[in-house]
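Please read them with the coordinates open.

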Amino acid sequence: MNFQLTEEQQLVRASVREFCEKYVDPIAQKVDQEAYFPMETVKRLAEQEWTGIPYPVEYGGAGSDYLTYIIVLEELSRACATTGFTLECHTSLASFPIFKYGTEEQKKKWLVPLCKGEILGSFALTEPGAGTDAASGQSTAVLDGDEYVLNGTKMFISNAPVAGVLVIFASTDRSKGARGISAFIVPADAPGLQIGKHLNKMGIRGSLTAEVIMKDCRIPKENLLGKEGEGFKIAMSTLDGGRIGIAAQALGIAQAALDESVAYSKERVQFGKPISSFQAIQWMLANMATDVEAARFLTYYAAWCYDQGRPYSKEAAMARLFASECAARHTNRAIQIHGGIGYIKGHKVEQLYRDAKITEIYEGTNEVMRMVISGSLLR
Amino acid sequence: MLNTIACFKWVMDEADIKSDPKTRQLIYERVGYKISDYDRNAIEEAVRLQEEHGGSVVAVTVAPSGARQCLKDALSRGPGKACFINDPTFTGLEPGQTASILAAAISKMEYDLIICGEGSSDLYAQQVGPALAEKLGIPCATYVNKLTYVAEENKIVAERKLDDGIEAVSIQLPALVTVLPEINTPRIPSLKQVLGAAKKPVEDIGLDSLAGTFSPCLKTTGVLAAVMERRRLRYGTGEEDIRKVVEALLREGVIA
């Protein structure tokens, strides 16, 4: 057994930390307070070759491993959860299904610019009436000559307003339920595709989230991803990997909460001593650090399973479940340690608290994570 | 064409060094290592000159044999090759020892220019560069914040940032310069640069292949953490208050 990261993984972590100090930390507060999408950072992520980390070089990727990608997400999210998530959505949700299920032509046309960071990607599954019950979506796709015609409305679609391409799910045969769903590669400029209202979120405020409306949206029939009826399978397998990414995002948020808490408790003096000298604070910090470390090992283990070609669905769900609850619990603790100042808008721990919550919800709620885990136990 | 050697030191990351508040002993047990800050500027400048004028860049370090990890870090920043001058005994070297070891190895290499950081992140003695130039018998410019290569005259023009202004010096090659952090902004290695570092050549140079002896001349009797005590005194802005501040500073020995 080996708990040592490779030299390359350690160097990448150091590079991301340096990158964050230089480019992410200085604007992290603006990203949150002004709901500012950091496009300049996205361009820099592409320059660093971090926009297609786990994908092969021939498709514009870096040809690295999933664990390296996870480390990058962790470190970016530690500085700015919006930035980490933007990359996660792009890499795990948009690029993955094209990489895994796309034809050679589709990969050349779409995966290459995605991996090179020339365009951002988005993933549109959720609908106003279909969240956890993703198979109940109402969107439809009908083949008309050489084109599919898509109709319907997608909800809570991250990156949609800045995406160059979206992977959109719609039913090609409503009578078949989940087995009638198909996946499509939809260019952002496809006729009939509209990006609706930007949603005003509680956390990850810089990440752009919007409705996606398809009104007789026409795309070439070769933009079908996989076969007709494979969409639900494609969506679920994409979300399996995405969960490791969200675990990494939660891990970064939790680590940041711990960092802030340790630093503040050493500075803040009450009763003539730094509050870090009080056992109540020490125990909170000890619990935080232990959970963060456990979340890290679960997350890295899930990524390792992915890299080894082992099954990783259960491991990803466990990592996501534990890391997200760790982030939610300990950002709360971080505010408790900070007291009043931590409750003030614009303070780092106040932001972390709001950013953490979504990691328990998106890309499958924690209730779904428990279903996945128990399902694999009871099979 | 300019063949440059960029020297670098693998140092403890000062952010990881802790101290025992009671004994003031430094605790190194969880310390990480990095390329000394100004040496990154040295490597960056060598790579920048190569991009502009062609030639080669070799990254050279003197380190204990266990510090092999430093090579990929250096190579990911652009040099085409690294020289790892190593021995298990190369720990806690004095600047004079490092300069002698470097000189013994570099005297067998072909080069036009050697670039060092102005000082290391740990000791900041600012001695290795000038001492190395002396031992190699080549000219040296320190405090350099701008470097220009004049190919047709085989010389460099170095701007030195001194207390009383900027001094521009023209030096015939081969030469050595020590650079300040203002000279450039080191680029963060891209992922492919990091992954490609392992494929670049590394020359191992052991102690047995170096002529000379490299004994220390200093003896370290102890290292203790500095202590910053807060007195929590508060003074007003009146004339009498300012007098009290000055008296307090005199009493504490802060001013004399």
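1. Over all chains, the structure holds 14 aromatic pairs. A pair means ring centres of Phe, Tyr or Trp (its six-membered ring) within 6.5 Å; planes under 30 degrees apart are stacked, over 60 edge-to-face, the rest tilted. The model is predicted: local features need pLDDT of at least 70, side-chain atom pairs 80 or more, while totals for chains, interfaces and linings use all residues. Residues are numbered from 1 along each chain as its sequence is written, chains are lettered from A in the order written, and side-chain values use heavy atoms, without hydrogens and water.

2. A:F19 and A:W50 are edge-to-face, because their centres lie 5.0 Å apart and their planes meet at 70°. A:F19 belongs to helix 1 (residues 7-33) of chain A, and A:W50 to the loop between helix 2 (39-47) and helix 3 (66-79), 31 residues apart. Both A:F19 and A:W50 are buried (under 20% relative accessible area, 1.4 Å probe, protein chains only). Helices are DSSP runs of H or I, at least four residues; strands are runs of E, at least two, numbered from the N terminus.

3. A:F123 and A:F169 are also edge-to-face, at 5.1 Å centre to centre and 65° between the planes. A:F123 is in strand 1 (residues 120-124) of chain A and A:F169 in strand 4 (residues 163-171), so the pair ties together parts 46 residues apart in sequence. A:F123 and A:F169 are buried.

4. One aromatic cluster is formed by A:Y66, A:Y69, A:Y306 and A:Y312.

How values were computed. Buried means under 20% relative accessible area, exposed over 50%, partly exposed in between (1.4 Å probe, protein chains only).
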